[in-house]
Amino acid sequence: MGTKLERIAEISATTKRPEFTSLYHLINTELLKQCHRELDGKKAVGIDKVTKEEYGKHFESNIADLVQRLRNKSYKPLPTRRVYIPKANGKLRPLGIVSYEDKIVQLAVKKILEAIYEPKFLNCMYGFRPKRGCHEAIKEVYQRVSHGKINYIVDADIKGFFDHIDHEWMMRFLKWHIKDPNILWLVQKYLRAGVMVDEKYEDTDEGTIQGGNISPMLANIYMHNVLTLWFKLVIQKEAKGESFLVNYADDFVAGFQYKSDAEHYYAALKERMAKFNLELEESKSRLIEFGRYAEQNRRARGLGKPETFEFLGFTFYYGKSRKGYPWPKVKTSRKKFEKKLREFKEWLYDSKNQPAKDIVKQLNVKLVGYYRYYGVSFNVYKLSAFLHRIQQFLFKAMNRRGCRRTYTWNGFIGMLKYYPLAKPKVYYPLY
């Protein structure tokens, strides 16, 4: 199966406009079994409450039945169970939990779509792609603003991107390369499968549910056609100076050498989004002066430091280099910093009755996970501030275990010598 998908990827990479007419037969017993093996059995269950372990008890018969239903097109995905998780701004983000059998089929379709579209995606796209991630996107933005001729940044945010993907446009984009009606039928089945909210069914006339295996790929295909191709073929060709775009799922940042180019792009972006049923979040979208010469240009006009902008949980700002020159830097955004502190504090207070050794051991796992994301160049100070706050929360939590104080501050520091907390370090250099 891997060889067949590799062949599709090769054709897609070497053909200007490939058209694939026969793909549905690839969703066979071999591929579905492979997808079953790859799925995480610890994930939450869908509306049918079936786990990977339960599905595997009669695995051969279940897969045989699934293959048969796919062949005669009687397969029908179940509605997605909708849950909500808190965002950094206090709002709730909707997530969908797909039923286990649907996860298997979605992963199979995702593998086929990935073989077709991964060679077509532009280098500026970093979200949900093999060997690419948040840190590569952050590094690209940093390199552009620190070493390029960029003077202006357009920081834009799409309002409810996943919830407002237009199904008609999505299918039109897919039909550009996929001529197999059965694959298109299957994708449309998922788009219109519906959701269950508090045990009530709701239609899904637009959007793609966050949480499904296929959703990130569909989102990338949508952004590829709506944003990144348009930026390359229209905006950059019309720009008078240097420009760049970095895209991670629905988050993106664009930079320009000249203000006129940035203003033109910002105005055109609103029209472009509206054409495809999307809308910019005005409160989070803006054009700012930011780049190598931004600070001296602003000071010459009697203005202060360049404004800051946020991208993927980091704030880009201007500080000083070791030699005292203005230099772009990054740090953990305030919203993400405070949100993670609240999460750590809540966990510490809930775990306060465990032995100190066990608390510190589990806390270190969480801290290292935090450092691995936010441990980039220039951010050690912010990481150290986070650790200091965590030490304070730990001290207070351990002194709430009874009527009497468990530790004095000196005694607490002595305990940390035996059970030290993980120290911050830089995992991802940006230069």
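Predicted model: local features only at pLDDT ≥ 70, side-chain atom pairs only at ≥ 80, totals over all residues.
A second salt bridge connects the side chains of Glu307 and Arg286, at 3.1 Å from N to O. Glu307 is located in the loop between helix H11 (294-300) and strand S9 (309-311) and Arg286 in strand S8, so this contact ties together parts that are 21 residues apart in sequence. Glu307 has a relative accessible area of 37% and is partly exposed; Arg286, at 28%, also counts as partly exposed.

## A buried pair and a charged network

Glu289 and Arg298 form a salt bridge in which the closest N and O atoms are 3.7 Å apart.

Over the whole structure, the search finds 16 salt bridges.

The model holds 32 aromatic pairs. One of them is the tilted pair of Tyr142 and Phe378, with 5.5 Å from centre to centre and 45° between the planes. Tyr142 lies in helix H6 (residues 134-147) and Phe378 in the loop between helix H13 (356-374) and helix H14 (380-398), so the pair ties together parts that are 236 residues apart in sequence. Tyr142 is buried, at 1% relative accessibility, whereas Phe378 is partly exposed, at 27%.

Phe395 and Trp409 make an edge-to-face pair, with ring centres 5.0 Å apart and an angle of 80° between the planes. This pair links Phe395 in helix H14 to Trp409 in helix H15 (residues 409-418), 14 residues apart. Phe395 counts as buried, at 13% relative accessibility, while Trp409 is partly exposed, with a relative accessible area of 37%. Elsewhere, one aromatic cluster is formed by Phe314, Phe337, Phe344, Tyr370, Tyr371, Tyr373, Tyr374 and Phe386.

## Arginines over aromatic rings

Two arginines are placed over ring faces. Arg17 lies over the face of Trp176, 3.6 Å from the ring centre. Arg132 lies over the face of Tyr126, at 4.7 Å from the ring centre.

## The second largest pocket

The second largest pocket contains about 580 Å³ of space. It is lined by 23 residues, and those closest to its centre are Leu39, Lys43, Gly211, Gly212 and Asn213. Strand S2 (92-97), helix H5 (100-117) and helix H9 (215-238) each contribute at least two lining residues.

Which element gives the most to this lining? H5 does, with five residues. By residue class, the lining divides into ten nonpolar, six polar and seven charged residues.

## Enclosed cavities

There are two cavities of 30 Å³ or more. The largest cavity holds about 170 Å³ of space. Its lining comprises 19 residues, of which Thr80, Gln106, Tyr190, Leu191 and Ile209 are the closest to its centre. H5, helix H8 (181-191) and H9 each supply at least two residues of this lining. H5 and H9 also each supply at least two residues to the lining of the second largest pocket. The lining of the largest cavity is made up of nine nonpolar, eight polar and two charged residues.

The second largest cavity has about 50 Å³ of space. Its lining consists of Asp40, Gly41, Lys43, Ala44, Val45, Val50, Thr51, Lys52, Val98, Ser99, Tyr100 and Lys103. These residues divide into five nonpolar, three polar and four charged. Lys43 is part of this lining and is also among the residues closest to the centre of the second largest pocket.

Definitions and conventions:
Residues numbered from 1 in each chain as written. Heavy atoms only, no water. 1 Å grid on protein atoms, 1.4 Å probe; cavity = no way out; pocket = protein on both sides within 12 Å on 5 of 7 lines; lining within 4 Å. Points joined across faces, edges and corners; volume = space filled by probe spheres on them. Helix = DSSP H or I, 4+ residues; strand = E, 2+ residues; numbered from the N terminus. Nonpolar A, V, L, I, M, F, W, Y, C, P; charged D, E, K, R; others polar. Salt bridge = Lys/Arg side-chain N within 4 Å of Asp/Glu carboxyl O. Buried < 20%, exposed > 50% of the residue type's maximum accessible area, 1.4 Å probe, protein only. Phe/Tyr/Trp six-rings, centres within 6.5 Å; stacked < 30°, edge-to-face > 60°. Lys NZ or Arg CZ within 6 Å of the ring centre and 35° of its normal.
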